[in-house]
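Please look over the sequence and the model shown here before reading on.

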Amino acid sequence: ARGVCGAAARTGQTQIVPDVELFEGHIACASSTRSELVLPVWNGSGTLLGVLDLDSNTEAAFTQADADALTAIMARLFKDAA
């Protein structure tokens with residue numbers, strides 16, 4: 001798996017990328033993207049379901065607080081997913 005999404009899926013760790021130009025192997029969905037936040041999404045039994053990928057046209061748009069809040073929302077939404 002490549003890019004920021006691949007890194008999140010491969011490592012199981014949230015990826016906060018303040019400047020995508022500095023992330024080796026970044027795969028651009030849009031040329032205007034400047035920063036990215038990618039969260040692994042798990043079900044209640046710990047199986048990786050996929051990733052949530054957020055892009056911004058603003059550099060350093062995402063914080064750890066954003067990641068923490070979205071992680072909590074994803075955990076509630078997918079706790080019973082197969």
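The report below goes from the overall fold to the sheet, the helices and some single residues.

## Basis of the description

This is a predicted model, in which local features need pLDDT of at least 70 and side-chain atom pairs count only at pLDDT 80 or more, whereas totals for chains, interfaces and linings use all residues. Residues are numbered from 1 along each chain as its sequence is written, and side-chain values use heavy atoms, with hydrogens and water left out.

## Overall fold

The protein chain has two helices and three strands, where helices (H or I, at least four residues) and strands (E, at least two) are DSSP runs numbered from the N terminus. Read from the N terminus, the order of these elements is α-β-β-β-α. The radius of gyration of the protein chain, taken over C-alpha atoms, is 13 Å, close to the 12 Å that the globule rule (2.2 Å times the number of residues to the power 0.38) gives for 82 residues, so the chain is as compact as a globular protein of that length.

Along the principal axes, the C-alpha atoms fill a box of roughly 35 × 25 × 15 Å.

The three strands form an open sheet in the order 1-2-3 with antiparallel pairing, two strands being paired if DSSP finds at least two bridges between them. Strand 1 (15-17) and strand 3 stand at the edges with a single partner strand each, so one side of each is left without a neighbour in the sheet.

Strand 2 (residues 35-42) and strand 3 (residues 48-56) are joined by eight bridges in the antiparallel sense; Ser-35 has Ser-56 as its bridge partner, and Leu-37 has Leu-54. These two strands form a hairpin with five residues between them, and Gly-46 in the turn has a positive phi of about 90°.

## Helices and core

Helix 1 (residues 3-11) lies across strand 1, strand 2 and strand 3, and runs at about 30° to strand 2, with axes fitted to C-alpha atoms over the stretch in contact and angles running from 0 to 180 degrees between N-to-C directions.

The largest nonpolar core consists of five residues, Val-4, Ala-8, Val-17, Val-20 and Val-38; such a core is a set of buried Ala, Val, Leu, Ile, Met, Phe, Trp, Tyr and Cys residues joined through side-chain atoms within 4.5 Å. Leaving aside neighbours within four places in sequence, Ala-8 is in contact (heavy atoms within 4.5 Å) with Gln-13, Gln-15, Val-38, Pro-40 and Val-51.

## A residue in a loop

Ala-60 is found in the loop between strand 3 and helix 2 (64-78), and has a positive phi of about 55° although it is not a glycine. At 48% relative accessibility, Ala-60 counts as partly exposed, a class lying between buried (under 20% relative accessible area) and exposed (over 50%), with a 1.4 Å probe and protein chains only.
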